[in-house]
Amino acid sequence: MKILITGGAGFIGSNLTKRLVNDGHKIVVLDNLLRGNKIDRDTFKKIEFVNGDVRDFELVRELSKGCDVIYHFAAVLGVDVVADNPVETMDVEVIGTRNVVNAAQINNVGKILYASTSGIYGHSAIESALTEEVLVDPRTSYAMAKRYNEIYLASHHEEKGLHATCLRFFNVYGENQDNRMVVPRFFEQAISNKPITVFGNGMQTRDFTYIDDTINACVDLMLTKGYHIVNIANEEEWNIKDLADAIKQITHSSSIISYIEAPKKRYDYEVERRVGSSDKLKRLIGYKPDTNLTDGLKKIYANNYQ
Ligand SMILES: NC(=O)c1ccc[n+]([C@@H]2O[C@H](COP(=O)([O-])OP(=O)(O)OC[C@H]3O[C@@H](n4cnc5c(N)ncnc54)[C@H](O)[C@@H]3O)[C@@H](O)[C@H]2O)c1
């Protein structure tokens, strides 16, 4: 198949690009390299790469010609980046998604898979793992735009029959990730024996999903029909203090763990608990995450730091 991946040079996109090239697909990547190019050299030789902006409609229309599927992953992200650039964050989300949807319809692209986020659950009180039916609570520019796009895609499905899947990723981590995110940041601090900086008391929880499990789900969902929102979670709830301890131990680091107050601009992102249920994904594609957090962290250490 011919597949367009927006944001394909980023962390998740580069891993997806590699996998789909290995599966024998023809891949076109559109990325403005905001975060550099994370596609490895071998894979890069086998794809069509275009350095451009998803907000450029003519470009998106041109690149989606003849495509069967679009993975739309281009986005501005990272808590500090988004907090400092809320307008660009929303523009890339809203204009980019509108361009992708319009181009897909003009070019008869069969399916869009859109990178949404577990961030849209916001501060929703949780008693058990979050399902897709929970009332969402997006508060940030980033989460609000992601939720808007979920509904925008649902509307196109209802009115025009577009097939679309919204992927609510839960803290993806793994190879190629940069230090905007907590796992690589803790690794860097631990490896250099500098203090591992935890915001607040470290009791806040997250659900960390290994990149290979995430990519398997993205690929297995490629041809599902209709409109779906799905959680891609690992279903393990870890607090940030335990994450810091685990990375310290795996790296044999002498770092201290330093608890600092979160900057005010991070307030809306600093939710107390987040853990997802992927029951729906299990029913849809037989999803089963293979890598728990401890094993995932060990893999990162072995592959990147030894
Ligand atoms: N990493 C996670 O844990 C996580 C969690 C929830 C949702 N997501 C979503 O998954 C997707 C991929 O995330 P990631 O972790 O790979 O992030 P990333 O920042 O590594 O990748 C995003 C890519 O989009 C590109 N991009 C940004 N603005 C663009 C524009 N205007 N035009 C073209 N390209 C542009 C960047 O250059 C980058 O390569 C994003 O949509 C993100 O919101 C990620």
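**Reading the sheet and a helix pair**

Modeller: In this predicted model, strand S1 (residues 2-6) pairs with strand S4 (residues 69-72) in the parallel sense, over 4 bridges.

Biologist: Which residue in S4 is the bridge partner of Thr-6?

Modeller: His-72 is the partner of Thr-6.

Biologist: In what order do the strands form the sheet?

Modeller: The order is S3-S2-S1-S4-S5-S6-S11, an open sheet of 7 strands with parallel pairing. Strand S3 (48-51) and strand S11 (227-232) are the edge strands, each pairing on one side only. From one strand to the next, the twist averages 15 degrees.

Biologist: Which strands does helix H6 touch where it packs on the sheet?

Modeller: Helix H6 (residues 141-160) touches strand S5 (111-117), strand S6 (164-169) and S11. The direction of H6 makes about 155 degrees with that of S5.

Biologist: What describes two packed helices?

Modeller: The description consists of the angle between their axes and the distance between the axes. Here, helix H7 (residues 182-191) packs with helix H9 (residues 240-250) at an angle of about 45 degrees, and their axes are 9 Å apart. An angle from 65 to 115 degrees would count as roughly perpendicular, and one under 35 as roughly parallel; H7 and H9 are therefore oblique to each other. The crossing of H7 past H9 is right-handed.

Biologist: Which residues of H7 and H9 meet?

Modeller: From H7, Phe-186, Phe-187 and Ala-190 meet Leu-243, Ala-244, Ile-247 and Lys-248 of H9. By class, this contact has 6 nonpolar residues, 1 charged residue and no polar ones.

How values were computed
Residues numbered from 1 in each chain as written. Predicted model: local features only at pLDDT ≥ 70, side-chain atom pairs only at ≥ 80, totals over all residues. Axes fitted to C-alpha atoms, helices over the stretch in contact; angles between N-to-C directions. Helix = DSSP H or I, 4+ residues; strand = E, 2+ residues; numbered from the N terminus. Parallel < 35°, antiparallel > 145°, perpendicular 65-115°, else oblique. Left-handed = near helix turned anticlockwise from the far one by under 90°. Contact = placed C-beta atoms within 7 Å. Nonpolar A, V, L, I, M, F, W, Y, C, P; charged D, E, K, R; others polar. Pairing = 2+ DSSP bridges.
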